[in-house]
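Please walk me through this model in the viewer. Tell me what to select at each stop and what I will find there.

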Amino acid sequence: MQTKLLIGGEFVDALDGATLDVINPYDGSVLAKVAEAKAADVDRAVVAAEKAFPAWKALAAAQRGRLLGKLADAIESHADELAELESRDTGHPIRDTKLLDAPRTAATFRYFAGMADKYQGSVVPVDAGFLNYVLREPVGVVGQIVPWNFPLMFTSWKMGPALAAGNTVVLKPAEITPLTTLRVAELMTEVGFPPGVVNIVPGYGHTAGQRLAEHPGVKKIAFTGSTATGRKIVQASAGNLKRVQLELGGKGANIVFSDAFLPAAINGSAFAIFHNQGQACIAGSRLLLQQDIADQFLEGFLKLAGSIRLGDPLDPRTEMGPLTSQRQQQSVLTYCDVARQQGAQLLLGGRKPAAADLAGGYFVEPTVVKAQPQDRVCQEEVFGPFVAVTTFRDEAEAVAIANSTEYGLGGGLWTSNLQRAHRIAGSMRSGMVWINCYKRVNPGSPFGGVGSSGYGREMGFEAMHDYTDAKSVWVNVDAQIPPHYPR
Ligand code: NAD
């Protein structure tokens, strides 16, 4: 397992020799000691990326695509190994990392491999006698900072479009989950990415992350993480006015109307919140039920949630693993107390599981509370297997509750009424809406939010726009220009 920083094509120790412990959330053991980048290491990485930029930008787009395609192949052929490493590092059940995380990582790199030589500029119809064309140019060295909830997938979401567009990259994984990122970095060097095109600097946010966000050599910072850190990133970026892209928190509203097909709505709503232990920015963490089906829905939902198999992430039967860190476990348990204190009705869970074989891991039982829309647990992101249920009378009330938080990332609705489905989708203040499904993502479909969920979009052509600058070029083809200063 690679444990060093990748800088300029070499795996190296941190300048001061510091390391950080990577913990297995299932048993609290130390999985690895990884080199810890500080500001001086980030500076080295930025220099390496600056040096690599001109040649990478000049490389034929098809060649960049070829390398990304080779990387997708390498990820596919190491999929089981990457899935296992991700499960050990994050606590995601192996069935998810094998079925979703590893294949989606390869698919996203493959999508941007194909995108590299399809993304093009344009010609603008301007005044007679002139040609105006628009080039899409890479912005330069891009800093990327990612969180710990889907570290393997985020390598492809962040690096895929940035590299396809011709930027060079310095990526900082979250301090607690750097392992699959380093393994992907190793595969990148093996398939032939030139030295310095990609640099990986695991380290803490207030040191390595802060330096990357403020570094004058970094021309764009792409950040996924909490809204509070997003604000710090914006401040740190001001020095050189670098471009900023923010994928922040969410408080997804999942609305179930009384005309919904309930078995599908129940199953989909459980996936919406409990997949990945609820540690997803797009989790359906607020469940809005129309009054007349609320009891019937909850009966099925609580039965399903209560039967989710918690266990060893490496056991293929496990449906929910531990939370990724003890800190996150504590934070979710604190929200369970907040719910109780604010008078919410606890319908399920709200504690660590009692089973002896789970005692060493950072587990929290699937938790369902009935709360009021203004309660903290309906307004703040819990980021765990915790769903807050409220009821509504009609469409207008459903939309008002759905739009009542500062966030606007993803939301969903379940109904068999086609007109209502589109009407509500149009009324929800969010970057993504799922109708009769939840949490669908695809490398071609824009991903991102509004309000306190951030700005900019990942995936698809939108991501390519975000990783390039438009350059407008004017050519006098045959125009006779009247002189401005007749002499
Ligand atoms: P976090 O903001 O604490 O950390 C995210 C990353 O930022 C980490 O790499 C961390 O080291 C770094 N960081 C922390 N402080 C920093 C600073 N001052 N300067 C620069 N970097 C700093 O978030 P987290 O707790 O690791 O992740 C969970 C959050 O991420 C949740 O809010 C979740 O909703 C959000 N998230 C959003 C999306 C999305 O696409 N919108 C996706 C996944 C997660």
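This is a predicted model: local features need pLDDT of at least 70, side-chain atom pairs count only at pLDDT 80 or more; totals for chains, interfaces and linings use all residues.

Residues are numbered from 1 along each chain as its sequence is written, and side-chain values use heavy atoms, leaving out hydrogens and water.

Stop 1: Select the seven strands of the open sheet, in the order 14-15-16-13-12-17-18, with mixed pairing. Strands (E, at least two residues) and helices (H or I, at least four) are DSSP runs, numbered from the N terminus. Two strands pair if DSSP finds at least two bridges between them. Strand 14 (345-348) and strand 18 (432-435) are the edges; each has a single partner strand, so one side of each has no neighbour in the sheet. From one strand to the next, the twist averages 25 degrees.

**Stop 2: strands 15 and 16.** Select residues 367-370 and 386-392. These are strand 15 and strand 16, paired in the parallel sense over four bridges. Look for Val369, which stands opposite Ala388 in strand 16.

**Stop 3: the helix across.** Axes are lines fitted to C-alpha atoms, for helices over the stretch in contact, and angles run from 0 to 180 degrees between N-to-C directions.

**Stop 4: strand 18.** Strand 17 (residues 410-414) pairs with strand 18 in the parallel sense, over four bridges. Gly410 stands opposite Met432. Which residues of strand 18 are on its covered face? Met432 and Trp434 are, while Val433 and Ile435 make the uncovered one.

**Stop 5: two loop residues.** Select Asn436, in the loop between strand 18 and strand 19 (454-455). Its phi is near 55 degrees, a positive value in a residue other than glycine. Asn436 is partly exposed, at 39% relative accessible area. Buried means under 20%, exposed over 50%, and partly exposed in between (1.4 Å probe, protein chains only). Now jump to Gln277, in the loop between helix 9 (262-274) and strand 13. Gln277 also is not a glycine, and has a positive phi of about 60 degrees. Gln277 counts as buried, at 0% relative accessibility.

**Stop 6: Val123.** Finish at Val123, in strand 5 (residues 122-124). Val123 is exposed, with a relative accessible area of 59%.
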